[in-house]
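Me: Please examine the structure shown below and answer my questions on its helix packing and its pockets.

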Amino acid sequence: EVLICGSSDRGDDGAAPAAEGILGAELPNDVRLRIVGQLDIDDLLDIPTGAAVVVVDAATGLRPGRVVSLPLDGLSASGQPVRPRSSHALAFPEVVGLAELILGHPIRGRIVAVGAVDFALGGALSERVAAAIPALVEAVRVAIEQLRTDSRARAQG
C-alpha cells in the first residue's frame with residue numbers, strides 16, 4: 001500500500017499529492033494507492049494482513065527539497081529531526097506505535113518524505129519542493145522494491 005499524505009492547497013504539503021499524479025499511473029497492479037490526507041491510525045489498521053506500506057509525506061526538519069526514505073520506526077531511531085506534517089493529533093511515531101499495539105505486530109513499511117518549508121493555506125509548492133517531485137517519486141518506487149525484496153527474503157528464509 002502507498003498512503004499519500006498532505007493537502008494540495010497548503011503549499012509544500014501538496015508534495016505527496018503532486019507525486020501521486022505520477023505514481024498512480026505507474027504502480028504495479030498489486031500495489032494499492034490511497035490518498036489519506038492526514039495520516040490516522042485507521043489508515044494503518046486498514047492495511048491488509050501481510051502487506052507493507054509506504055507513507056509519502058512532506059516533512060519539516062529536512063533541507064527543503066531533500067528526499068529521505070526511512071523504515072517506519074526510523075524516525076525515532078534515526079536521531080534526525082524529521083517530522084512528517086500530516087499527522088496532527090499524534091506524532092507520526094505515536095500513530096505507528098498505536099497501530100502496531102492494536103494489531104499486535106510490527107507494521108512493515110517505510111516513510112518517504114521531502115523536506116518542506118511553506119505550508120501556507122492557498123500556497124503553491126515552493127520551487128525546491130516542486131523540483132524534488134521526480135526524486136520523491138523515484139524514492140517511492142525504490143521503497144516499494146525494497147519492501148518486495150524483504151518480503152521475498154522472508155518467504156524463502
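Me: At roughly what angle do the axes of helix H1 (residues 15–23) and H5 cross?

Reply: This is a predicted model, in which local features need pLDDT of at least 70, side-chain atom pairs count only at pLDDT 80 or more, and totals for chains, interfaces and linings use all residues. Residues are numbered from 1 along each chain as its sequence is written, and side-chain values use heavy atoms, without hydrogens and water. Helices are DSSP runs (H or I, at least four residues; strands are E, at least two), numbered from the N terminus. With axes fitted to C-alpha atoms over the stretch in contact, and angles running from 0 to 180 degrees between N-to-C directions, H1 and H5 come within 9 Å and cross at roughly 60 degrees.

Me: Which term describes how H1 and H5 lie to each other?

Reply: Angles under 35 degrees count as roughly parallel, over 145 as roughly antiparallel, 65 to 115 as roughly perpendicular and the rest as oblique. The axes cross at roughly 60 degrees, and H1 and H5 are therefore oblique.

Me: How many charged residues does the contact of H1 with H5 have?

Reply: Contact means heavy atoms within 4.5 Å. H1 contributes Ala15, Ala16, Ala18, Ala19, Ile22 and Leu23, and H5 contributes Val129, Ile133, Leu136, Val137, Val140 and Arg141. Counting Ala, Val, Leu, Ile, Met, Phe, Trp, Tyr, Cys and Pro as nonpolar, Asp, Glu, Lys and Arg as charged, and the others, Gly among them, as polar, the contact has eleven nonpolar, no polar and one charged.

Me: Which element supplies the largest share of the lining of the largest pocket?

Reply: Strand S3 (53–60) and helix H5 (127–156) each supply at least two residues of this lining. By class, the lining has nine nonpolar, two polar and five charged residues. The largest share, four residues, comes from H5.

Me: Which element gives the most to the lining of the second largest pocket?

Reply: Strand S6 (109–115) and H5 each supply at least two residues here. The lining divides into five nonpolar, two polar and six charged residues. The most, four residues, is given by H5.
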